[in-house]
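Please view the sequence and the model before reading on.

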Amino acid sequence: MSVDPAHRNACFPNRISRILLLALQDVLGANGSSAVLTTAKLPHYVGTLPPADFEPGLTFSEIGRLFEALESIYGVQAGDRLAKQAGRESFKYWIEGFGGLVSFADVLLRFLPLSLRVRIGVEVVAEIINRYTDERLVLGESHDQYLVKVETCGLCAGRRTDIPACGYMQGTLDELLFWVSRGRRFTIRETACIALGDPACVFAIDKVPPSFAGA
Ligand SMILES: [Zn+2]
């Protein structure tokens, strides 16, 4: 079972690839997203989304090219901002695509204190990603932060960048936590990134949202 994804075509399944392309399209518009897809040498996805099934979809290197193209067209800072925005937009499609699991979690979460809702929300997402994709997520925590460590990352494959490259994941986590906390924004940073030469991509989430600090 544990074939090193580097030795085959590591990928996201169609359903998750579709979520990514829909979210990019929401943020960039039809013209922007076709420019990015064409620059990324993925013209066959212009105007055509993958089906919502679990067959192999976009490979990690294709997704790396996609975010590379986003940066080359819009610039480093704007590309990063757009990737984060796409991540936030993607969350509604995650709810659509994994609805059964999510509505179960919603009912369960309603009765739990905020700190536990955040922890379980992150655990559910890590479980989905580990189960359905070739990414490998490991969760950890310090006294004041939750840590999401992506040991095999599908977003920055093949890239070398000057700033952390996985804004899409950060945006997805941001919107997930907004949803599980019923309207609070948490501070999340990508503190290490494989595209910077680090061994893993690491997202650090402050356990207490800023509006709670000192309250
Ligand atoms: Zn990264």
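Residues are numbered from 1 along each chain as its sequence is written. The model is predicted, and local features need pLDDT of at least 70, side-chain atom pairs count only at pLDDT 80 or more, and totals for chains, interfaces and linings use all residues. Here pLDDT is the predictor's confidence in each residue, from 0 to 100. The chain averages a pLDDT of 90, and 90% of the residues score at least 70. Helices (H or I, at least four residues) and strands (E, at least two) are DSSP runs, numbered from the N terminus.

Helix H3 (residues 76-97) has 22 residues and spans 30 Å from first to last C-alpha, close to the expected 32 Å. That expected span is 1.5 Å times one less than the number of residues. H3 bends by about 30° at Phe 91, the bend being the angle between axes fitted to the seven residues ending there and the seven starting there.

Two packed helices are described by the angle between their axes and the distance between the axes. Axes are lines fitted to C-alpha atoms, for helices over the stretch in contact, and angles run from 0 to 180 degrees between N-to-C directions.

| Pair | Axes come within | Crossing angle |
|---|---|---|
| H1 (residues 14-39) and H3 | 8 Å | roughly 130° |
| H1 and H2 (residues 60-74) | 8 Å | roughly 115° |
| H2 and H3 | 7 Å | roughly 130° |

H2 and H3 are therefore oblique to each other; angles under 35 degrees count as roughly parallel, over 145 as roughly antiparallel, 65 to 115 as roughly perpendicular and the rest as oblique. Their contact includes Phe 67 and Tyr 74 of H2 and Val 76 and Leu 82 of H3, where contact means C-beta atoms, placed from the backbone, within 7 Å.

Conventions:
Contact = placed C-beta atoms within 7 Å.
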